[in-house]
Amino acid sequence: MGHHAETKCLDCGYTFWESYGGGFTFHLLRCDQCGDSKQIAFDELGELHLQYLKGLDGCYCVATLEYDEYVRKHAPVTSITEEEYHRGISDFAGPCECGGRYTVDGLPRCPKCKSTRLEEGMVGPMYD
Ligand SMILES: [Zn+2]
Ligand SMILES: [Zn+2]
């Protein structure tokens, strides 16, 4: 699902490799201030992830279909909305060193000038 891509900053021209998207088993969070990324595995989230699965109408993705189905039917947890889930993930991730907050929909930023005006170029190897 996720991939790496050669990314160019449209403001300062700096080129770097950036990873995009989460995988089947983890979320890719980004700091809303500096754009630093952090991976959080579903396993680490424990009950929070189960609560989210419980609240879903369909399955999260085909790769975990049977597991999701099992959770929905049998896990002794109360369901939460996607919004609550995303907030919970941010809380779990804790604050960034820069004082910012990691969020699931945070934007990647240029490591040099912190611009969010980036251009995705050549795509590298896929991961998970
Ligand atoms: Zn830049
Ligand atoms: Zn930060």
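I began with Cys110, which is buried at 0% relative accessibility (buried means under 20% relative accessible area, exposed over 50%, partly exposed in between, with a 1.4 Å probe and protein chains only). The model is predicted: local features need pLDDT of at least 70, side-chain atom pairs count only at pLDDT 80 or more, and totals for chains, interfaces and linings use all residues. Residues are numbered from 1 along each chain as its sequence is written, chains are lettered from A and ligands numbered from 1 in the order in which they are written, and side-chain values use heavy atoms, with hydrogens and water left out.

**Zinc ion (ligand 1)**

I looked up the donors and found Cys9 (SG), Cys12 (SG), Cys110 (SG) and Cys113 (SG), at 2.3 Å. Donors are N, O and S atoms within 2.8 Å of the metal (3.2 Å for Na, K and Ca); water is not among the atoms, so sites may look incomplete. The donor residues are spaced C-x2-C-x97-C-x2-C in sequence. Cys9 lies in strand β1 (residues 2–9) and Cys110 in the loop between β5 (102–103) and β6 (118–127), so I noted a link between distant parts of the chain, 101 residues apart; strands (E, at least two residues) are DSSP runs, numbered from the N terminus. Cys9 is also buried, at 1% relative accessible area.

**Zinc ion (ligand 2)**

Here I found Cys31 (SG), Cys34 (SG), Cys96 (SG) and Cys98 (SG) as donors, at 2.3 Å. Their spacing along the chain is C-x2-C-x61-C-x1-C. I recorded this site as tetrahedral, with angles of 101 to 115 degrees. Cys96 is buried at 9% relative accessibility, whereas Cys98 is partly exposed at 44%.

Terms used. Helices (H or I, at least four residues) and strands (E, at least two) are DSSP runs, numbered from the N terminus. Four donors count as tetrahedral if all angles lie between 85 and 135 degrees; four count as square planar and six as octahedral if opposite donors are over 155 degrees apart and all others between 65 and 115; anything else is irregular.
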